[in-house]
Amino acid sequence: MDDAQATVSCRNVWKIYGPKADRIVGTPDADLPRAELLEKRGCVAAVRDVSFDVAKGEVFVVMGLSGSGKSTLVRMLNRLHEPTAGQVFVDGEDLVALDDDHLRDVRRRKISMVFQHFGLLPHRLIVDNVAFGLEIQGVDKEQRETKANEVLETVGLGGWGRSYPDELSGGMQQRVGLARALCTDPEIMLFDEPFSALDPLIRRDMQDEVIRLQREVRKTMIFITHDLAEALKLGDRIAIMKDGKFVQVGTPEDVVSHPADDYVSDFTRDVPRAHVLTARTIMRSPNGEHAYAGDVASDMVVQSLLPLVVKDDRPFRVVEDGDQIGVVDRETVLAAMVEA
């Protein structure tokens with residue numbers, strides 16, 4: 001992706017903790033396994049030479065096990081953690097080069113963050129918690145309350161503005177955190193494992209809420225998780241992270257159907273491929289067919305194609321942006337189901 005087209009770009013970003021950490025980057029020691037680097041130099045490399053681009057309106061998910069470096073990485077995107085080396089661009093501007101005043105302005109106006117722990121102010125009303133970012137910006141009380149109540153409606157908490165955080169369930173509190181992040185109308189939203197502390201059913205509801213909101217507001221989202229199912233559900237693209245590095249970056253289909261190595265294969269082994277692979281992935285070229293049962297969207301998943309091909313022997317045209325790009329039929333769908 002061209003830097004000019006990316007809302008967020010990272011270039012060769014490192015985060016090393018320990019004495020004289022900056023002297024390790026660019027040396028042979030930088031490639032040592034973590035245990036050896038710690039023993040030799042007393043340092044820990046949390047993020048190693050990571051580069052990526054995120055397009056405007058994209059949901060980019062970084063997933064990995066505990067200690068992989070994913071939370072450290074996302075916190076460098078707004079300089080909550082200072083990179084040891086590298087550049088972090090937002091709309092072409094390198095945040096690493098900004099002075100404190102300019103950085104604060106970017107954080108207030110362009111970037112919001114949703115944390116795993118809600119971080120609500122217990123002594124303040126929900127409406128004031130949601131409007132906190134606008135208060136920091138100096139927006140007057142009437143305007144910020146109006147905006148906060150609008151956003152509470154958007155996240156399904158209309159009417160709760162005069163309550164206090166301890167009157168809300170965990171899932172509702174996380175919705176408040178989401179509303180707070182949305183209230184300043186940021187261009188970029190960062191999510192640091194926001195749903196991992198929630199019960200499974202509430203977690204699923206919150207994932208659905210993010211998907212719904214993204215359809216409505218089209219923010220650029222960078223989402224951190226250790227849960228592959230969550231990554232596959234939310235991400236336009238997924239980065240798999242291990243030991244501070246990206247192992248693979250691709251669409252959910254790419255990661256599931258073409259794992260880069262054994263590490264990714266282990267992650268994706270139990271994924272129901274029929275829920276991830278799409279008509280675009282399994283389609284074949286037209287073979288002189290003239291009679292079609294109908295059209296299917298290129299992003300329709302195999303699981304949804306199955307009832308269509310069971311009912312009709314004829315092939316279906318795979319259509320993208322109004323044009324036919326391929327064909328699926330009973331044979332291609334069943335073959336994908338068997339592989340799944």
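Reader: In β12, which residue is the bridge partner of Val 296?

Author: In this predicted model, four bridges join β11 to strand β12, residues 316–320, and the two run parallel. Val 296 belongs to one of these pairings, and its bridge partner in β12 is Val 318.

Reader: Which strands stand at the edges of the open sheet of three strands?

Author: The sheet has the order β11-β12-β13, with mixed pairing. Each edge strand has a single partner strand, so one side of each is left without a neighbour in the sheet. Neighbouring strands here are turned by 40 degrees against each other on average, direction ignored. The strands at the edges are β11 (294–297) and β13 (323–328).

Reader: How far apart are the end C-alpha atoms of helix α8?

Author: Helix α8 covers residues 200–217, and at 1.5 Å a residue its 18 residues should span 26 Å.

Reader: Within what arc do the buried residues of α8 fall, seen down its axis?

Author: The buried residues of α8 are Arg 203, Met 206, Gln 207, Glu 209, Val 210, Leu 213 and Gln 214. They line one face of the helix, because seen down the axis they fall within an arc of 155 degrees.

Reader: Which exposed residues does the face of α8 turned away from its buried side carry?

Author: The buried residues of α8 pack against several elements, including β3 (59–63), α6 (141–154) and α9 (228–234). The face turned away from that buried side carries the exposed residues Leu 201 and Arg 215.

Terms used:
Residues are numbered from 1 along each chain as its sequence is written. This is a predicted model: local features need pLDDT of at least 70, side-chain atom pairs count only at pLDDT 80 or more; totals for chains, interfaces and linings use all residues. Side-chain values use heavy atoms; hydrogens and water are left out. Two strands pair if DSSP finds at least two bridges between them. Axes are lines fitted to C-alpha atoms, for helices over the stretch in contact, and angles run from 0 to 180 degrees between N-to-C directions. The expected span of a helix is 1.5 Å times one less than its number of residues. Buried means under 20% relative accessible area, exposed over 50%, partly exposed in between (1.4 Å probe, protein chains only). The arc is that of the directions from the helix axis to the C-beta atoms. Contact means heavy atoms within 4.5 Å.
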